[in-house]
Amino acid sequence: MVQNVVSDLLGEDADCLLVATRYEGVRDHRDRRYVVGNQARAEIRQKLDALVDGTIAVCGPRGSGKSTLLASCADPHDLKISVQAPASYAPLEFLTSLFVDLCQTYLTDHGYRFPEFRRLSPLRTVLRRLGAAARAFTQRLLVGLLALGLFLVGVFATVRDFVEHRSAAVARAGDDGAERLRDGLVAVLEGRRPWLALSAVVLGLLVWKYVRRWRLSGLTGVLRKVLLAPVGRLLIVLALLTTWSPKAVIAWFGDWRHDEPAVYYPTMTVVAVLVVIAVWKAVTPFWDDVHGTPTRVAVLVFVLGLAGAFAGDRTRHAAFGWDLSQRVALVCLGLILIRVCRWKRVKREPTLAGRCRDHLYRLQTVQSVTYGASGAPAGGLLSLGSTYGTSFTASPVTLPELVQQLRRTLAEVAGELRPQGRRLVVTIDEIDRLGTTAKALEFLGEIKAILGVTGVHFLISVSEDVGASFVRRGLPGRDVVDSTFDDVVHVRPCSFEESQRILDRRAPGVSEPFVALAHALAGGVPRDLIRYSREMVALRESKGEVELRNIAAWLVTRAMRDTVDAFRAGAKEAALPTRSADMIFGATRRLAEFLHADCLCELDRMRGHIGRFARWADGPGGVELRAELPADTLERLDEAAAYAYFSVTLLDVFAMPGFERRRAQAHVHGPDGSVERLAVVRGELSLSPHSARRLLDDTRTAWGLPPVPAPDLREIIETVRRSCPHYAE
C-alpha cells in the first residue's frame, strides 16, 4: 500500500526529480579529475602514435573542450609544454616565452633547479645561501654525532672482545684464505677445479664488457644493488635465526616425522612451497636489476659460493656461537650494507641542462660586465697607479637568432627523450582569441618557423574557419594553413551519450531527463552543458525546485531573457526609422517584463508571448517591417526570433507533464523525435536561423506539438501587462 501511495504521489514522471547530492564536478569545472574521454581525444592519441613528429590542428566551436583536450591528450610520461596565444602579441615576445617555458620544464623534469631572478644585492644573496648551508650542516653534524655516539656505545663490548680474543683467529683465517686462494689457482691451472675455471671466464667477460668501455660505474652499480643488499639481508636473517640452537629444533622435527608421518610430509611440502615463493619474491627485484647473461651467471656463482661457505662446519658452528653483542653488530652491519645499496650518487648535470640554464639567463636578464685594473709600487712613499675599466651589455636576441636556438634546443630535447620512449609535445592554445581569421592566419605565419622540428609534436587549437581552410587545401587558392599543419582533428559537440558520461562523472545521480534538458540547451557543447547543470543546482538550493518542468521553465526563460537583452543592446546602436524602432523596442520591452520576473506564476502567458515574438515576421505587417529594417538589425532580429521559437519548443517538451510518455511516443518518429535533434537545432541556430526553423517544424510534428500561431504586430506591442502579485510588488 505504501508503494502504491508513493507512486501516486510521484505521478507518471517519477524520474523527473533532481535528487543527486554530489555536485562538486559542476562547481569546479576545471578539475582534471572529472575529465571524460571522447572520440576526439582518442583520435588525437592515434595521430600522435602514427606521426614521428608533426603539427596537428585541433578545431571546433568555442566551449567544445579544446583546451581540456590539449591538457589531457599527451601520455603521462611525455614531456609537455603548454603556452597560451595572447590576444595581442609580438612574435619575438611569444617565442621568448615559449623558449623560457621549454627550458624551465626540461630542468624541472630532470630534477634540476632553474635560476630564480630576485631583486636582492649579491651580498645578501651570498649571505642567505651561506646561512642556509650552515644551518643544514650544523643540523646534520649534531644528528650524526648523536647517532655515532649511540652506535659506538652499543658495539664497544663487541669490538673490545674482538680485539682481545678474535684478532689472532682473524689473522689465521687470512693466512688460511691466502693459502686456499693459492691452492685454488694452482688447481685451476692444473685443471682440477672446473667450476673455478668457469668463474674466471665469466669474470673475464665482465671485465672486458665494463672496463673496456669505461663503464665501471655500471659494474659497481650492479654489485651494489645485487650483492650488497642480499648480503645485508642475509646477515640480519642469520643474526636472528641463529639465536636458537638448531639441535633442539632438529630433534623436534625428527620426533614429529617419526610419530605423525601422515601430517608431517604434507605440512612440510606446503612450507617448502611458501618458502620458495618468499625467496622468489625477495630475489626478483634484485634479479631484474641485473642485465645480461654473463652478469647474471656471475651473481649466481657468487650466491652459490656464499651458500657453500656457510654450509661448512666451521662457519656454521661459529655462527651459532655468537653472543648478543656480536649479533647486534651483525644487524648493524647488515643495515649499513642495505643503506649503501640504496645510496644514489648525485648525477652529473648534462650539457643540455647547462645550455637551458644559459638560455634562461640570456632571455630573462640584461648582462653587464666591467673589467678594471690598478697598480701601485710596494713600499713607496708616493703611490702611483692607473686604472682601466670597460663595460658592455649583451645585445638583445634577434628573431632569427631566437628561432634558430629554439629549433636546435627543441631537437636536442626530443632526441634525448626518444630513447626513453617519451615524446616532446608542445600545445599552443587560445588562437581563436586573436579575433578574426586573418589575425589567426597571420599568427600561424609568424610562428611557422619553429614548426616541423624532428621528433616534436605541436598541437594547436584553432577556430572552425582555420580548420575549414585546411580541409579546402586541395581547391584553388593557397594560404599559410596548407604548409603549416600535417593533420587536423575536429572537436564536435557531444552526443547525448557523451553528455550522460560527463554528468555521471561530475554529478552522479542526475536522472536522464535533466541530462536531456541540459544537453538540448547547450547544443552538446561541454562548457554550456556544465554551466546549465550548475544552474540546475543553484535553482535546487536557492528556490527548492526539484521537478523537471519547473527547472526547465526557469532555465529556458532565463536563456530567452539573456537573448532579448542582448538583442536590445545591439539594436540601440543601429539607426532605425521611428516606426520600426517603436515596434521593435516596444515588443521586446513587453517581453522583457515577463522574462525578468522572479516567478513562474504566469508561465502560460509568458510562453504565449514568446511564441508570438517567434512568429512576428509571418503575421500582418511583418513584410512591411522587414523592408524598413537595416540588414544587420534584421539579421539580429531573425536570430532572436528563431531562438524564441526554439525556447517555445523546449517549454512544450520539458515544461509539460508526462515527459517520459511523450518522449516514448516521439521516439517512434525516428531522429526528429529524439532529444539529440534538439541539440542539433541549437547548434544550427549559430549557423542559420532559417534552417533551424525548418528543423524545429519537423521536431514539433514528431513530438505532437501544436503549431505556433502567427500574430499581428500590434498584438505583440499591446500585450497586457503582468498581473502577478510578485510583479506588482
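Tutor: Let us begin with T699, which is found in helix α29, residues 689-703. Please keep in mind that this is a predicted model.

Student: Why does T699 count as buried?

Tutor: The relative accessibility of T699 is 0%. Buried means under 20% relative accessible area, so T699 counts as buried.

Student: Which residues does T699 touch, apart from those up to four places away in sequence?

Tutor: T699 touches D672, R677, L678 and V681. Contact requires heavy atoms within 4.5 Å. For R677, which is 22 residues from T699 along the chain, the C-alpha atoms of the two residues are separated by 7.5 Å.

Student: What about F514: is it buried or exposed?

Tutor: F514, found in helix α20, has a relative accessible area of 0%. The cut-off for buried is under 20%, and therefore F514 is buried.

Student: Which residues are in contact with F514, leaving aside its neighbours within four places in sequence?

Tutor: They are D15, C16, L17, L18, M536, V546, E547, L548 and I551. As for Y532, F514 lies 18 residues from it in sequence and 10.0 Å from it in space, C-alpha to C-alpha.

Student: What makes a group of residues a nonpolar core?

Tutor: Its members are buried residues of listed nonpolar kinds, joined through side-chain atoms within 4.5 Å. The largest nonpolar core has 79 residues, of which L517, M536, I551, M560, I610, L650 and F654 touch the most other members. Helix α26, residues 631-654, gives the largest share of this core, 14 residues. A second, separate core has 48 residues, including V83, C103, Y112 and A414. In soluble globular proteins, nonpolar side chains tend to be buried together.

Student: Which residues does I610 touch, not counting those up to four places away in sequence?

Tutor: I610 touches M560, L591, L595, A644, S647, V648 and L651.

Student: How many residues line the second largest pocket, and which lie nearest its centre?

Tutor: The second largest pocket is lined by 44 residues, and R682, G683, L685, S686 and L687 lie nearest its centre. About 1200 Å³ of space lies in this pocket. Its lining has 21 nonpolar, nine polar and 14 charged residues.

Student: How do you know where confidence in the chain is lowest and where it is highest?

Tutor: One compares pLDDT, the predictor's confidence in each residue, from 0 to 100. Strand β4, residues 388-393, is lowest at a mean of 48, and α20 is highest at 92. Over residues 386-392 the pLDDT is below 50, although this stretch has 20 contacts in the model beyond near neighbours in sequence. Where pLDDT is low, the predicted coordinates should not be read in detail.

Student: What is the mean pLDDT of the chain?

Tutor: The mean is 76, and 71% of the residues in the chain reach 70 or more.

Key. Residues are numbered from 1 along each chain as its sequence is written. This is a predicted model: local features need pLDDT of at least 70, side-chain atom pairs count only at pLDDT 80 or more; totals for chains, interfaces and linings use all residues. Side-chain values use heavy atoms; hydrogens and water are left out. Buried means under 20% relative accessible area, exposed over 50%, partly exposed in between (1.4 Å probe, protein chains only). Helices (H or I, at least four residues) and strands (E, at least two) are DSSP runs, numbered from the N terminus. On a 1 Å grid over the protein atoms alone, a cavity is a set of points where a 1.4 Å probe fits but cannot get out, and a pocket is an open set with protein on both sides within 12 Å along at least five of seven lines; lining residues have an atom within 4 Å of a point. Grid points are joined across faces, edges and corners, and a volume is the space filled by probe spheres set on the points. Ala, Val, Leu, Ile, Met, Phe, Trp, Tyr, Cys and Pro count as nonpolar, Asp, Glu, Lys and Arg as charged, and the others, Gly among them, as polar.
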